[in-house]
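Here is a short report for a first look. Keep the sequence and the 3D view open while reading.

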Amino acid sequence: MREEKSNNPSLPKKSSKKQTWLWPAIYVGFSLLFVGMIWGYNAFIGSDSDVADGPRTDANGAPEEVAVTSQKENMKFPFDEAALDQMTILQDFYDPTATEESQENSLLVFNQTYETSTGVTISVEGEPFEVFAAMSGTVKEVNLDPFLGDEIVLEHEDGLITQYRSVKEILVKVGDHVKQGQAMATATENEFNPTAGVHLQFEVYENGEAVNPRNYLAF
């Protein structure tokens, strides 16, 4: 008996063509996977090489120094700030542009003659007090003078120089590096300015010239 062909249009026809999007998608997927593997391998080799090589060295074989930005110090009071309320400025820095009152307060009387102050004369209720380094620096000079008063001179990295006169019991010597706030001596009296009693003559020099310490501190 001869088989009859179905003419039913509702039956799906078999496609003889393969779908065109399948193989390109597979190719792209494998390509991305391959690139990812290569990138990961290179990253692993690079990090492992850095560990194996150790710290970097310069041309002489010495370890390379890493530049560190240090924060600049702001000048602090040359005494314990807890005593700020008890502190008095006996003589001001002489400034020809200052008020008449300030200029009068900057005059020192010695042997019936007037001399201008190149710093500020600090008293803490007329009592001895510890003298601190206003900034970190190196001890440039230690001068012993019973008439003017013993003094310590510090040199700082930014070119400033601070001077501490009328002190005793000095704890530092030339060449010492001192930190900001470090105790260096004790304030005392001297023969040059006896009316001031126990005090500290604090001076600041910039480019070799005396400048008003009030430019740096809120006295």
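## Basis

This is a predicted model: local features need pLDDT of at least 70, side-chain atom pairs count only at pLDDT 80 or more, and totals for chains, interfaces and linings use all residues. Residues are numbered from 1 along each chain as its sequence is written, and side-chain values use heavy atoms, without hydrogens and water.

## A salt-bridge network

The whole structure holds four salt bridges (a side-chain nitrogen of Lys or Arg within 4 Å of a carboxyl oxygen of Asp or Glu). E151, R165 and E203 form a network of them.

R165 meets E151 with closest N and O atoms 3.2 Å apart. R165 sits in strand β8 (residues 161–168) and E151 in strand β7 (residues 150–155), so the pair ties together parts 14 residues apart in sequence. Strands are DSSP runs (E, at least two residues), numbered from the N terminus. R165 also bridges to E203, at 3.4 Å from N to O. Both R165 and E203 are buried (under 20% relative accessible area, with a 1.4 Å probe and protein chains only).

## R214 and D92

Another salt bridge joins the side chains of R214 and D92, at 2.7 Å from N to O. D92 is buried, at 9% relative accessibility.

## N190 in its loop

N190 lies in the loop between β10 (183–187) and β11 (200–206). Its relative accessible area is 8%, so N190 is buried. The side chain of N190 has a polar atom 3.2 Å from the backbone oxygen of L148.

Terms used:
Helices (H or I, at least four residues) and strands (E, at least two) are DSSP runs, numbered from the N terminus. Buried means under 20% relative accessible area, exposed over 50%, partly exposed in between (1.4 Å probe, protein chains only). A polar contact is a pair of N or O atoms within 3.5 Å; within protein, one must be able to donate a hydrogen and the other to accept it, and residues adjacent in sequence count only if both atoms are side-chain atoms.
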